[in-house]
Amino acid sequence: MSQRRSYQIGTGLFIVLGFAALGFLATQTTSLANYRQGPTYALQARFTNVGQLKLRAPVKIAGVRIGSVHAIELEPDRLDAKVTLAIDERFKQIPDDSAAAIFTSGLLGDQYVGLQPGGSPDMLKNGDELVLTQSAIQLEELIGKYLVGGNPPSANAKPEAEKTSAPGN
Amino acid sequence: MSDANRTNVVGDGLAEVGRIGLFLVAVIAAIPRSLRYLRETVRQIFFVGAMSLVIVMTCGLFIGLVLGLQLYDVLSRFGGTASLGTVVSLALYRELGPVVTALLFAGRAGTSITAEIGLMRATDQLSAMEMMAVDPMSYVVAPRFIAGVIAMPLLACIFNALAIFGAHAVGVTWLGLDNGTFWSNMTSNVDVWTDVMNGVYKSMVFGGIVTLMASYQGYTTAPTSEGVAHATTRTVVFSSIATLALDFVMTAFLM
Amino acid sequence: MNVTEPLVRIRGLMTRLGGKTIFDGVDLDIPRGGITAIMGPSGTGKTTLLRHITGQLKPDAGEIVVDGRNVVMLDRDALFDLREKIGYLFQNSALLTDFSVFENVAFPLRQHARLPEELVRNIVLTKLQAVGLRGAAGLMPAELSGGMARRVALARAIVRDPMLLIYDEPFVGLDPIALNQVLKLIRTLNATLGLTSILVAHELSAIRRVADNIYLIAAGKIAAHGSPEALTRGETAWTKQFFGGEADGPVPFHYPARDYAADLGFPT
């Protein structure tokens, strides 16, 4: 009897351990970890080029994750990419003159949205727009520029890389 | 080798594959009847699963450590060490976890299944069950098959988790990679369904194929100690080959 | 059902295994309530006959009627139904190595009847008491001697009160004490449980002490049949060789070979 019971306990432990491992892998090491299921509020930002930015890419301030990319859509009238950011409710203190930029983590890493806090006393609220944005840096264009001595390979790509679109200013 | 001999070898091989296929059908047919031997199935999960934990965890940890070192070195040539977590976890979830665990499983659980069933055959225990109106397919083989299908994915997940810790220990603790980078890079590139769950499906199939091969070899062994020894060897060889071949087929379909 | 009808009736049994004729028209009756011994030189298919009776092996032709049902025609479920009423003692006991003595004896009960644990315990201990091993209930099969293992297997075979008990070589490898214990068990069990027993063996002295009648099988046929006394007095070549223990006779001492002189290369 007791032998049978110890089998059952051992089996139970093994199954619990296995599912714990599966749970860890599924929730902590995959994109599921990015569904931070807390209350969030939305901010908008317009970019002329989002590059390889993907849904659920992180939004960071000073390298710390504060939210994720919730939606990316093209605005039909302005032909800009409108990116909706879902920011954790805990980070309510973002000045309204902060700037958003699309960065690449490392040379080969993924792209994320980085926020540069401004100095304004007024804070951003749900639905507000970040007016200062900087588009994704197109690696190919940078390389192209250096290779041909500063001249971009095609004319229409020229303003993209460094351009700061600031429609509000 | 003469032509006739060669045809014989091919014919024998095909016949063996056919017999294993028929055995699989018999095992699946025996599953409904085996459901009342739930207690036996639980016992088998303990034997094939829990008893394989130590080897699987140890090997998982070392594989993780090695992957961490090797891939850090390779990635640093491209300045891509930030993606160490991504590369390690994808390699593990998609291939190494299911396959290495299946090979370890074949060596640890597969051989003991073969030896156990082979011994039951050699000592007439299987015939005795038949005579007691208990179907050995439902009482002996099917519970082990079910246990393999259940235990293998859990073992593979435990293997993967340990390997991730190993790679983390090397990359972050030892080589000084940023902890946040390691995890965030991983979380933004690994998908639950295409990566983690596909690995789980794979290892369910591998668990089935290893226990099937092991049971088949034990069930059909020559009832001598020599026969059991040969059957054990064949279990390791055939289930490893079958695992890797099926891995290719499944990868092609799951991609 | 007619009580005088034999429990097992075999007619015209023909079996070929691996190109070798094992049975060539065997007719055989096992009367109810008795102990019937089946004897014969090694390799005559005595165990094969038992496998026919229990339906583990289908013959090429003939009919095998056990308790009114033709085993040859039964499907798997009906066969399992029948086997629940048959106890079978294997030559090497075939105890399940994973289970204790108690659980081995309880195994058929647990598989086929949903009985309260108390009742299972009582039945198992009763049967173990009958074979004198109640004290060994907690041991594992690996801890038993050959004779003890056989007695445990016997307890397991009778745990569901079968109508037919089949012993396959029950005396092989037993010391004289264990042999006497098994003989005593066979006799008392048959008398007290109202069983029919079939015994396959070739220990003549042992069989003479328990069997009611003997079938002697040789060369695929029934060579002789009758009570032990009648057979040992028998005058046919088969019974003379087998019961007299002569080295040469219908069962030749020499394996079939070419002419000896020719084989040695002498001119003929």
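This is a predicted model: local features need pLDDT of at least 70, side-chain atom pairs count only at pLDDT 80 or more; totals for chains, interfaces and linings use all residues.

Residues are numbered from 1 along each chain as its sequence is written, chains are lettered from A and ligands numbered from 1 in the order in which they are written, and side-chain values use heavy atoms, with hydrogens and water left out.

**Chain A**

- Chain A has two helices and nine strands, where helices (H or I, at least four residues) and strands (E, at least two) are DSSP runs numbered from the N terminus.
- Read from the N terminus, the order of these elements is α-β-β-β-β-β-β-β-β-α-β.
- Of the 169 residues of chain A, 41% are buried, that is, they have under 20% relative accessible area (1.4 Å probe, protein chains only).

**The second largest pocket**

- A pocket is an open set of points on a 1 Å grid over the protein atoms alone, where a 1.4 Å probe fits and protein lies on both sides within 12 Å along at least five of seven lines; its lining residues have an atom within 4 Å of a point.
- The second largest pocket is lined by 26 residues, and those nearest its centre are A:Arg4, B:Arg39, C:Phe99, C:Glu103 and C:Arg110.
- Six residues of this lining come from α3(C), which gives the most.

Conventions:
Buried means under 20% relative accessible area, exposed over 50%, partly exposed in between (1.4 Å probe, protein chains only).
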